[in-house]
Amino acid sequence: EQKVFSQLGRLRKLKIKNPDLKIGVCGCFATRDGASIASKGAGVDLVFGTQNISKLPELLGSLEAGLVCDTAPVEPDFTELAPIQRQDGLSAYVSIARGCDNYCSFCVVPHTRGPEWSKPSNLIVDESEAAVREGFREINLLGQNVNSYGKKIENELSFGGLLRRLDRIDGLKRLRFMTAHPQVCDENMIDAMAECESVCEHLHLPVQSGGNDVLRRMERGYTVDEYLSKVAMFKDRVPGGTLTSDVIIGFPGESEKDFEGTLEVMKEARFDNIYMFKYSPRPGTPAESMEGQLPEEVASDRFQTAHQLQREISESLHRELEGSIVEVMVEGPLAEKPRKQVEDAPFVEPLLQISVPKRFVGRSRGNHRVQFHVEGPAPRGGELVDVTVLRSSINNLGGVALPVGVAMEETAT
Ligand code: SF4
């Protein structure tokens, strides 16, 4: 939120040079604090919520009369943004739901984005087919809680059913989604992940804490054991799948035992990566006024401990991939940032001698960032290439692309 105000300060300078410039602010923060943004962020012309995006043309038309602020909740009409024009790219983001009904006690989303609404599956299929026709090779389904998809619409597909339907789209190479909730992570969804060729073997399943008391106060709707049983089901049915998560460290009342529980979950689940946050209160949420707010030093110490553990787990998991072959969707030539690249991934150092465009970057199905060397014709963005992993670091894999025509079975070790 502080960054929003400092960015507005920068934009205001542009407005001095160009008085016709219009500045608009949109998002959850804008929905919650529209009035204060308008008063503190001098120079702002328009404040609107995420639910009001489709009214943007109309709102822009009203600016002559002065500041416009529209954050009123509205029931979504999912046809309102069609037709969608996407910029050229590899991955098309397709929103399948809006809002959330969960009311986790730390989260502002249900208060700002409103209740959960699923987009009718026929619209999702149409939008995805159109994106693939335009040349997108990957679809990324978006929602706060994608796997509770369809629950309010009679005769609608389940989330697993939606994955199966989209998997039938001709030309679709990869299907991903974000974010799944552990409470509604079920067999139907995991089996669809296992059986649909296009669905990537990557599951982001936020655990948030490894303490049952903390989970209860967070109102997450599952226990540690229930969470771990979903993890076991995923690992069992999607062999080699990548698991990532979100963790909040230092939630109000988090005891040393709760924190130890979080470390235990991390060791057992062996997440490939975690988006780890130190708890910070969100105004208007129940957690803001809970007893047991932790001193900063305690939260920081725990954060460092958990962060170090995760580095070790990530490093070890990535090392296990050395010698294997991964399918990579090419994003493009590796950007020239030698110093940073070398720090992040020492294995690229020898490759720095090789002139561009022999070094490329892309994503594996497990969502690893892969830097690789190519002998022969440069691959195009969106192409799928098999890469032998030679080196790894915490954040990257590095290797060489197999020459065209070499089958994976011939070279697999
Ligand atoms: Fe919903 Fe996720 Fe926020 Fe919980 S954390 S209320 S599931 S958006």
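Student: What should I know before I start?
Tutor: The model is predicted, so local features need pLDDT of at least 70, side-chain atom pairs count only at pLDDT 80 or more, and totals for chains, interfaces and linings use all residues. Residues are numbered from 1 along each chain as its sequence is written, and side-chain values use heavy atoms, with hydrogens and water left out.

Student: Which residues surround the ligand?
Tutor: Cys100, Asn102, Tyr103, Cys104, Phe106, Cys107, Val109, Pro110, Gln144, His181 and Arg220. A residue is near a molecule if one of its heavy atoms lies within 4 Å of it.

Student: How does that shell divide into nonpolar, polar and charged?
Tutor: 7 nonpolar, 3 polar and 1 charged. Ala, Val, Leu, Ile, Met, Phe, Trp, Tyr, Cys and Pro count as nonpolar; Asp, Glu, Lys and Arg count as charged; the others, Gly among them, are polar.

Student: New topic. What volume does the second largest pocket have?
Tutor: About 660 Å³. A pocket is an open set of points on a 1 Å grid over the protein atoms alone, where a 1.4 Å probe fits, with protein on both sides within 12 Å along at least five of seven lines. The volume is the space filled by probe spheres set on the points, which are joined across faces, edges and corners.

Student: How many salt bridges does the structure hold?
Tutor: 21. Each is a side-chain nitrogen of Lys or Arg within 4 Å of a carboxyl oxygen of Asp or Glu.

Student: Where do Arg302 and Glu256 lie?
Tutor: Arg302 lies in helix H11 and Glu256 in helix H10 (residues 256-269), so the pair ties together parts that are 46 residues apart in sequence. Their side chains meet in a salt bridge at 3.3 Å, N to O.

Student: Is Arg302 buried or exposed?
Tutor: Arg302 is buried, at 9% relative accessible area. Glu256 is partly exposed, at 44%. Buried means under 20%, exposed over 50%, and partly exposed in between (1.4 Å probe, protein chains only).

Student: Which residue does Glu296 meet in a salt bridge?
Tutor: Lys278, at 2.8 Å, N to O. Glu296 is in helix H11 and Lys278 in strand E11, 18 residues apart. Glu296 is partly exposed at 48%, and Lys278 is partly exposed at 33%.

Student: Which residues are linked in a network of salt bridges?
Tutor: Arg86, Lys119 and Glu127.

Student: Cysteines now. How many disulfides are there?
Tutor: 0. A disulfide is a pair of cysteine sulfur atoms within 2.5 Å.

Student: How far is the sulfur of Cys69 from the closest cysteine sulfur?
Tutor: It is 11 Å from the one in Cys26, again too far for a bond. Cys69 is partly exposed, at 42%.

Note on methods:
1 Å grid on protein atoms, 1.4 Å probe; cavity = no way out; pocket = protein on both sides within 12 Å on 5 of 7 lines; lining within 4 Å. Helix = DSSP H or I, 4+ residues; strand = E, 2+ residues; numbered from the N terminus.
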